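Dear colleague,

I am passing on the structure we discussed, and below it you will find my notes on what turned up in it. Please read them with the coordinates open.

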Amino acid sequence: MNSKLTALKQLELMNALEKAREPRLFSVIDLKVKNMLPQWLQFSPDVFWLNHPEEQKNLEVFEQITSFFLKQGIQRGHMIAGIGGGATTDMAGFVAACIHRGVKWISVPTTLMGMVDAGFGGKTGVNTNHGKNLIGAFHMPEDVWICTDFLKTMSRMEILSGRGEVLKYALLSSDIHELVMNTKTPMEEIIMACASFKMKLTAEDFRESGSRAYLNLGHTLGHAFEHTLKIPHGIAVTMGIKYLLKAMKLDAAVESFEEIFKSLQLDSEKVDLSNYERFDKNAFWSALNHDKKKTGDGLKLVLVDSVGNPRFEVLPVAKLRTLVEALSDFKT
Ligand SMILES: NC(=O)c1ccc[n+]([C@@H]2O[C@H](COP(=O)([O-])OP(=O)(O)OC[C@H]3O[C@@H](n4cnc5c(N)ncnc54)[C@H](O)[C@@H]3O)[C@@H](O)[C@H]2O)c1
């Protein structure tokens, strides 16, 4: 089962949410987007508001939400909406997966990261003290409603983070590459192309045993950067792609990376390790050793030889470390 992906203007979104009230709608919503929602939803007693979604993406808050919805009388035939960035939709989807052993849910991503990647695909879950996203479930949203009007209030840092994921798609798909390289392409068109690309891979390989894992390009080094530098996910992924392609000497892909980077007006200062004063190399490699994609001593890496041509390669961590540390701009 795949989700229905629809681009909606703000008014159309209001109408769609209104229809979803039948028979009853329970919501998990990022407080930051409250003012952009209809009055009835702002004052609905069936909303659990998140004010710090990433910090609240844990089992304790999961318990609070499920208890609250059960107390309010949620039934299996009701609908749950997740309205917010990736942290909010991950939580809403996980609540929907578990409550009454699964109720239907709708995802309304409100960040660029959510619109191109995090807000759909069926991976839901929470973080634990042992790492991010380690407890969760696969549970597809019925509908994904993308309304780019939400992006107007996003910070520059969060926009850069989302564009980092767009860069990933532009390396994986020649169609998206073409759209991104044309600076006149409206952002909405790029977003819908990225979202459709992920939907297609998800439909082919829901549980990520094959081609869906291409979407992990840059994530092995990226998660370790995110963990050690405490930077937004998409910026860390951009760094992950940059250092991986360079370390593996994939020159054609490095050249494309740089062209896409420029076209998306990304910020080179944010992805250059030498600009981060406190970088703990040992913590970085230790975080990488805990990567979920690790099998034995090997890491299953996604590499790109040229735009639109991804492939997998398993490499021992020690070998990857030698190659990455040999890069002059990895030294700090
Ligand atoms: N399920 C998946 O397939 C998947 C994929 C990638 C990432 N993720 C998860 O997604 C999360 C990252 O997503 P994210 O970057 O959207 O994070 P996020 O949900 O933490 O949102 C980032 C920030 O933007 C704020 N925000 C949300 N909408 C806004 C708006 N319209 N205007 C202004 N501010 C707004 C949030 O309050 C937050 O401060 C992580 O938890 C990550 O693990 C999930």
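R311 is partly exposed, with a relative accessible area of 28%, where buried means under 20%, exposed over 50% and partly exposed in between (1.4 Å probe, protein chains only). R311 forms a salt bridge with E313, the closest N and O atoms being 2.7 Å apart, and E313, at 26% relative accessibility, is likewise counted as partly exposed. A salt bridge here is a side-chain nitrogen of Lys or Arg within 4 Å of a carboxyl oxygen of Asp or Glu.

Please keep in mind that this is a predicted model, in which local features need pLDDT of at least 70 and side-chain atom pairs count only at pLDDT 80 or more, while totals for chains, interfaces and linings use all residues. Residues are numbered from 1 along each chain as its sequence is written, and side-chain values use heavy atoms, with hydrogens and water left out.

Across the whole structure, the search finds 19 salt bridges. One of them joins the side chains of K246 and D329, at 3.1 Å from N to O. Because K246 lies in helix 11 (residues 233–247) and D329 in the segment after helix 14 (317–325), this pair ties together parts that are 83 residues apart in sequence; helices (H or I, at least four residues) and strands (E, at least two) are DSSP runs, numbered from the N terminus. K246 is itself partly exposed, at a relative accessible area of 25%. In another salt bridge, K152 and D149 bring their closest N and O atoms to 3.2 Å; K152 counts as exposed, at 67% relative accessibility, whereas D149, at 16%, counts as buried. There is also a network of salt bridges that links D117, E165, K168 and K198.

Residues up to four places away in sequence aside, V116 touches G162, E165, V166, Y169, I191, C194 and A195, contact meaning heavy atoms within 4.5 Å. V116 and S196 are 80 residues apart in sequence, yet their C-alpha atoms are 8.7 Å apart in space.

Of the 23 residues around the ligand, D30, E54, G86, T111 and T153 come nearest, a residue being counted as near if one of its heavy atoms lies within 4 Å. As for individual atoms, a side-chain N or O atom of T153 is 2.7 Å from a nitrogen atom of the ligand, and a side-chain N or O atom of T110 is 2.8 Å from a ligand nitrogen. K123 places a backbone N or O atom 2.9 Å from a nitrogen atom of the ligand. Taken alone, the ligand exposes 870 Å², of which the protein buries 88%, with accessible areas from the Shrake-Rupley method and a 1.4 Å probe.

Finally, which residue is buried yet has no salt bridge? That residue is D205, for which the nearest side chain of opposite charge, R212, is 6.5 Å away; Lys and Arg count as positive and Asp and Glu as negative, while His and the chain ends are not counted. D205 sits in the loop between helix 9 (187–204) and helix 10 (219–229), and, neighbours within four places in sequence aside, is in contact with G210, S211, R212 and A213.

Terms used: A polar contact is a pair of N or O atoms within 3.5 Å; within protein, one must be able to donate a hydrogen and the other to accept it, and residues adjacent in sequence count only if both atoms are side-chain atoms.
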